[in-house]
Amino acid sequence: MRYAQGGGLTDAERAARERIRLQAAERFEGGEKNREIAAGLRVSERSVERWRRAWRERGEAGILSKGSPGRPRLSSVQIARLERELERGPLVHGWAGQRWTLARVKTLIGRLFHVSYTVEGTWRLLKRHGWSWQQPTRRAIERDDAAVELWKKEVWPRVGAVRRRATAGWSSRMRPASR
């Protein structure tokens, strides 16, 4: 059975599924057929076949849960250190500009703790610990604020003025001359 992206199982759900596999192992030892085991445990025959193969090859250890498939988590001490480093700013860590990006934070985590996160995982980590994303204001380097203000005062009123018709309007979709 396939699960949603990231596995989607809690530790309790993972333990419950492991109990089902262990019940299947007991039935393997009793000599039951895959179809009977699948019906009794309410799982697919294909899963039972896969469990039996793993049980034959590695015994009970082959069907035990391998734990959470998630990435390694940072400890609370590491999180505190990461927050201190983020507060110091990106310039201190060798980046130009005073803006943290997710890619930069991901790289910083790798440098400090030798743990690899995805960009999405980095965002989730930061969000979990109260950090929020900030939208930078983007301005062209060559922008001339004085020229922009002048344009707003002199040109825009002429461009944005309401255009008036020379004659009265017509509400019908048909042209008056076509009647």
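Helices (H or I, at least four residues) and strands (E, at least two) are DSSP runs, numbered from the N terminus. By that rule the protein has 8 helices and 0 strands, and its pattern along the sequence reads α-α-α-α-α-α-α-α. This is a predicted model, in which local features need pLDDT of at least 70 and side-chain atom pairs count only at pLDDT 80 or more, while totals for chains, interfaces and linings use all residues. Residues are numbered from 1 along each chain as its sequence is written, and side-chain values use heavy atoms, with hydrogens and water left out.

Start with the chain as a whole. Of its 179 residues, 21% count as buried; buried means under 20% relative accessible area, exposed over 50%, and partly exposed in between (1.4 Å probe, protein chains only). The protein exposes about 14600 Å², and carbon and sulfur atoms supply 50% of that area. Accessible areas come from the Shrake-Rupley method with a 1.4 Å probe, and for residues only the protein chains shown count as cover. A contact means heavy atoms within 4.5 Å. Among contacts between residues at least 6 apart in sequence, 39% join residues at least 24 apart.

Helix α1 (residues 11–29) and α3 meet at an angle of about 70°, and their axes are 10 Å apart. Axes are lines fitted to C-alpha atoms, for helices over the stretch in contact, and angles run from 0 to 180 degrees between N-to-C directions. The angle makes α1 roughly perpendicular to α3, a label for 65 to 115 degrees; under 35 counts as roughly parallel, over 145 as roughly antiparallel and the rest as oblique. From α1 the contact uses I20, R21, A24, A25, F28 and E29, and from α3 it uses V48, W51, R52 and W55.

Leaving aside residues up to four places away in sequence, L64 touches E18, R21 and L22. The C-alpha atoms of L64 and R19 are 8.8 Å apart, although 45 residues separate them along the chain.

Finally, consider the backbone angle phi. Most residues other than glycine have a negative phi. R42, in the loop between α2 (34–41) and α3, is not a glycine but has a positive phi of about 60°. R42 counts as exposed, with 78% relative accessibility. H114, in the loop between α5 (102–113) and α6 (119–128), has a positive phi of about 55° and is not a glycine either. H114 also counts as exposed, at 72%.
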